[in-house]
Amino acid sequence: MNIILFDDPVIRQNLLPLTFTRPVAEIRTGILTIAEKWQEFTRQVVSSLTQDYLRAKYVPYYDSFHNCYINGAVIPSVELIEEMKKLAYGESFWKGDTLVAFNGGSEQLENLDELIERAGQTKKMSFEGEVQMIREVWEIFVHNGREIRSDFKILTKDRKSQPVNDKFTAVYNEENIFIEEGAKIRAAVLNAEDGPIYIGKNAQVQEGALIKGPFALCEGSHVNMGAKMRGDVTVGPQSKVGGEISASVILGYSNKGHDGFLGNSVIGEWCNLGADTNTSNLKNNYAQVKLWNYARGGFKNTGEQFCGLIMGDHSKCGINTMFNTGTVVGVSANIFGTGFPRNFVPSFSWGGASGFETYQLRKVYEVAEKVMERRHKVLDDTEKAILTEIFNQTQQYRVWDKI
């Protein structure tokens, strides 16, 4: 069974701005991305069927005999995979009006709308079991603790953790802590009484760091001196974090290296939060938080009392930046200055509370090249083409260009 994780058009819109630059299945929640979870469960390589402009980077792989198309927002489970194996050619699983999986046999479907339409014309089966999905951006951090626990069991099964050799590091509930090879921990506190702690390969936990589980520090990432990780936190690969973080996900290759609070938030890749950046995650009146929603073209009630910042890839903010409760920042925005910027900052914005202008592509490329070079990555023509397409797609939101 060849697994192709497709972008559900409705769900993808709700997951913007994070899905401007990646397929839905490349979103990280817990320790792993959704695609990596499928790989761990099935022990096979999976691919994504995504938007046309992303396919040069994310290439779908088709089998000559058996292609199973699975909604990229679906979190895998043993029960779901066993039921999927029973799907005959031309049968599909649905949860309400949402397509979960479709056995396309040898059909090599490349158009997402055609895929949904084709599955709707086949024998529709209703999956009675539980289907866990990431449908909204805030669900990434809301379910992060649950997903850390689930991924921890998968990644550590029948494996032995590296020992905590540092005599100045305090450990609570050590059996719930797993340390990969090459990780370094110095004079820290690791408290796994309320959830597991996973320290990835070649990661570092520096002196004075306080870490409470559930917590995941992915490969090559650092927790800086004196940092406070308050639980339900994931730090994606090749990232650096400091200050105070609670119930948040950093997808990878991003820095929040200094003091300041980040709570109930999701930060994309290649982002940088300046020193003493703070996010509000609770309104003064304790009301439920509303977030900008691209599908609606307006603000949408999250149903959550705690919700901070959603930031797309390649965005940055200067020192002492303050983000109001429920702020959405698009791709490649650069925010600085005093006061609170607006709750929705469009992609390729340059400025802050006093106003914005357009962050031109030439300057975006210059910065991205330098940032990626530091992680030994290259801003190639494929990456530039993706940013250019997003620049064009998001032009409607940069209203100052129309004045």
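Visitor: Leaving aside its neighbours within four places in sequence, which residues is L32 in contact with?

Guide: This is a predicted model. In it, L32 touches I27, K37, E40, D151 and L155, its neighbours within four places in sequence being left aside.

Visitor: Where is the place of L32, and is L32 buried or exposed?

Guide: L32 sits in the loop between α1 (9-14) and α2 (34-42). Its relative accessible area is 9%, and because buried means under 20%, L32 counts as buried.

Visitor: How far apart are L32 and R146 in sequence and in space?

Guide: They are 114 residues apart in sequence, while their C-alpha atoms are 12 Å apart in space.

Visitor: What span should helix α6 have, and what is the distance between its end C-alpha atoms?

Guide: An α-helix has 3.6 residues a turn, so residues three or four places apart point the same way. Helix α6 covers residues 144-156, and at 1.5 Å a residue its 13 residues should span 18 Å. Its end C-alpha atoms are 18 Å apart, which agrees. Among the buried residues of α6 are D151 and L155. After α6 comes D158, with a positive phi near 60 degrees.

Visitor: Which strands does α6 lie across?

Guide: α6 lies across β10, β13, β16, β19 and β22, and runs at about 60 degrees to β19.

Visitor: What is the order of the strands in the open sheet?

Guide: Strands of a sheet pair through backbone hydrogen bonds, either parallel or antiparallel. Here nine strands pair in parallel in the order β10-β13-β16-β19-β22-β25-β30-β33-β35. The edge strands, β10 and β35, each pair on one side only. Inside the order, β30 and β33 run parallel and are joined by three bridges, and L309 stands opposite T327 of β33.

Key
Residues are numbered from 1 along each chain as its sequence is written. This is a predicted model: local features need pLDDT of at least 70, side-chain atom pairs count only at pLDDT 80 or more; totals for chains, interfaces and linings use all residues. Side-chain values use heavy atoms; hydrogens and water are left out. Helices (H or I, at least four residues) and strands (E, at least two) are DSSP runs, numbered from the N terminus. The expected span of a helix is 1.5 Å times one less than its number of residues. Buried means under 20% relative accessible area, exposed over 50%, partly exposed in between (1.4 Å probe, protein chains only). Two strands pair if DSSP finds at least two bridges between them. Contact means heavy atoms within 4.5 Å. Axes are lines fitted to C-alpha atoms, for helices over the stretch in contact, and angles run from 0 to 180 degrees between N-to-C directions.
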